[in-house]
Amino acid sequence: MKRDYIYTSNCSSAQTVMKLFKNWIEDYNNVAPHSGLGMKSPVEYRKLMNQAV
């Protein structure tokens, strides 16, 4: 989170961070690729795992 969102955003106040936090979490779970998940987002990975069952 720090590298991908906090360090690249305007975090000059807690109020600003709280406004951005929801979008960071949505991006992290729905868009951002994770190396531990085969470069898929957690949502993409979960969909693939559910199809395999």
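**Aromatic pairs and a nonpolar surface patch**

Met1 lies in the segment that precedes helix H1 (2–6). The model is predicted. In this model Met1 has a relative accessible area of 34% and is therefore classed as partly exposed, the class between 20% and 50%. Together with Ile6, Tyr7, Phe21, Ile25 and Tyr28, Met1 makes a nonpolar surface patch of about 540 Å². The most is given to this patch by helix H2 (residues 14–30), which supplies three residues.

Two aromatic pairs are present in the structure. In one of them, the ring centres of Tyr5 and Trp24 are 6.1 Å apart and the planes stand at 35°, so the pair is tilted. For Trp24 the relative accessible area is 7%.

The rings of Phe21 and Trp24 form a pair as well, with centres 6.4 Å apart and planes at 70°; this pair is therefore edge-to-face. Phe21 and Trp24 are both located in helix H2, three residues apart, which is about one turn of the helix. Phe21 is partly exposed, at a relative accessible area of 39%, whereas Trp24 is buried. Phe21 is also one of the residues of the nonpolar patch. Through the ring pairs, Tyr5, Phe21 and Trp24 are linked into a cluster.

Terms used:
Residues are numbered from 1 along each chain as its sequence is written. This is a predicted model: local features need pLDDT of at least 70, side-chain atom pairs count only at pLDDT 80 or more; totals for chains, interfaces and linings use all residues. Side-chain values use heavy atoms; hydrogens and water are left out. Patches are made of residues with over 30% relative accessible area and no salt bridge: like charges are joined within 9 Å, nonpolar side chains (Val, Leu, Ile, Met, Phe, Trp, Tyr) within 5 Å. Accessible areas come from the Shrake-Rupley method with a 1.4 Å probe; for residues, only the protein chains shown count as cover. A salt bridge is a side-chain nitrogen of Lys or Arg within 4 Å of a carboxyl oxygen of Asp or Glu. Helices (H or I, at least four residues) and strands (E, at least two) are DSSP runs, numbered from the N terminus. Buried means under 20% relative accessible area, exposed over 50%, partly exposed in between (1.4 Å probe, protein chains only). Rings of Phe, Tyr and Trp (its six-membered ring) pair if their centres lie within 6.5 Å; planes under 30 degrees apart count as stacked, over 60 as edge-to-face and the rest as tilted.
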